[in-house]
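Subject: Handover of a structure and findings

Dear colleague,

Please find below the structure that I am handing over to you. My findings follow directly after it.

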Amino acid sequence: MWNPERPFGISFEPMFGKLYEAVTGHPHTEFRFVEGETLFSTNTEVAVTCILYLTIIFGGQYLLKNRKPFKLDLLFKLHNIFLTLISLGLLVLILENIIPIYARGGLLYAICDDSAWTQRLELLYYLNYLVKYYELVDTIFLVMKKKKLEFLHYYHHSLTMVLCYSQLVGRTSVSWIPITLNLIVHVLMYYYYYRATSGARIWWKKYLTTMQITQFVLDLGFVYFCTYTYVAYNHFPSLPNMGTCSGTIGAALFGCALLSSYLVLFISFFKKTYKKPAIKAKKN
């Protein structure tokens, strides 16, 4: 019989704990995200990283405009397989923690209750946040290979890092929804890039963008609900609501606004990339 307390039949946390302690020298059970003390836990660090990122990619484009593209296939393959595996590992560990919480208290409890923000999940959310810094290397590869830089690409990469930071500071229990959906997409996306660099023709490339759009629709359904019930309960109690929801209102509103912009931009990208050829074909 399936046990939601051990959703995968075995526990991955002991293995993760040993790896974490081997790397950091500290037990994973001692981690706390402390604003101003933990690495990359200040507005200044996040802002400086964003500025450096934009400076490097646009400065790199300028410096390399008269040079031939670099051939970085091996490095790019290693980069993508690493991100595939790290995304899969984080996904499994987060699900291992969130499934028991959901099973014990239900969906509303899992997305809104203060107790759904646990020490274990905080550590995993923080590690996911750190991965967003490494993912900025995606753009450096594009610059060195002299590929076109879409606004959506660098907007999404830089601000997703900011989004993860804002939710750590704001301690929004609903964070696991966008994070797990994003990790699912990233497992497939980085695996696609790994295979494509190897010369494979992947028939489901188009559906990656569809998955991203679906991801943002689901994200928005949850974050708008959580934000609404928080605001209604705390400021307009005469409105129907499901009680308060954990996290700060600033983090919630930023998440709503940014994820809404992602949805609009990804739909626009999908139309531009996949719809125009079909229209031209009909005209011919």
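**Cavities**

The second largest cavity has a volume of about 40 Å³. Please bear in mind that the model is a predicted one. At least two lining residues come from each of H1, H3 and H5, and H5 provides the largest share, with three residues. Sorted by class, this lining holds four nonpolar, two polar and two charged residues.

The count of cavities of 30 Å³ or more is two. The largest cavity has a volume of about 380 Å³. Its lining is made of 34 residues, and Leu163, Gln167, Thr172, Ser175 and Pro178 are those nearest the centre. Helices H5, H7, H8, H9 and H10 each contribute at least two residues to the lining of the largest cavity. That lining comprises 19 nonpolar, 13 polar and two charged residues.

Two or more lining residues come from each of helix H3 (73-105), helix H5 (119-135), helix H6 (137-144), helix H7 (151-170), helix H8 (176-197), helix H9 (205-235) and helix H10 (249-283). The largest share belongs to H8, which gives seven residues. By class, the lining of the largest pocket divides into 13 nonpolar, eleven polar and nine charged residues.

The second largest pocket holds about 620 Å³ of space. Its lining consists of 20 residues, with Phe16, Leu19, Ile86, Leu90 and Leu127 nearest its centre. The elements that supply two or more of these residues are helix H1 (13-24), H3 and H5. What classes make up the lining of the second largest pocket? There are 18 nonpolar and two polar residues, and no charged residues.

**Packing of H2 and H6**

Two packed helices are described by the angle between their axes and the distance between the axes. The axes of helix H2 (residues 43-63) and H6 come within 9 Å of each other and cross at roughly 10°. Since angles under 35 degrees count as roughly parallel, H2 is therefore roughly parallel to H6. On the H2 side, the contact involves Tyr53, Ile56, Ile57, Gly60 and Gln61, which meet Thr139, Ile140 and Val143 in H6. Five nonpolar and three polar residues take part in this contact, with no charged residues.

**Disulfide**

How many disulfides does the structure hold? It holds one, formed by Cys112 and Cys245, whose sulfur atoms are 1.8 Å apart. The link of Cys112 and Cys245 is left-handed, with -90° about the S-S bond. The pair joins distant parts of the chain, 133 residues apart: Cys112 belongs to helix H4 (residues 107-112), whereas Cys245 lies in the loop between H9 and H10.

Yours sincerely

Technical notes:
Residues numbered from 1 in each chain as written. Predicted model: local features only at pLDDT ≥ 70, side-chain atom pairs only at ≥ 80, totals over all residues. Heavy atoms only, no water. Helix = DSSP H or I, 4+ residues; strand = E, 2+ residues; numbered from the N terminus. Nonpolar A, V, L, I, M, F, W, Y, C, P; charged D, E, K, R; others polar. 1 Å grid on protein atoms, 1.4 Å probe; cavity = no way out; pocket = protein on both sides within 12 Å on 5 of 7 lines; lining within 4 Å. Points joined across faces, edges and corners; volume = space filled by probe spheres on them. Axes fitted to C-alpha atoms, helices over the stretch in contact; angles between N-to-C directions. Parallel < 35°, antiparallel > 145°, perpendicular 65-115°, else oblique. Contact = heavy atoms within 4.5 Å. Disulfide = S-S within 2.5 Å.
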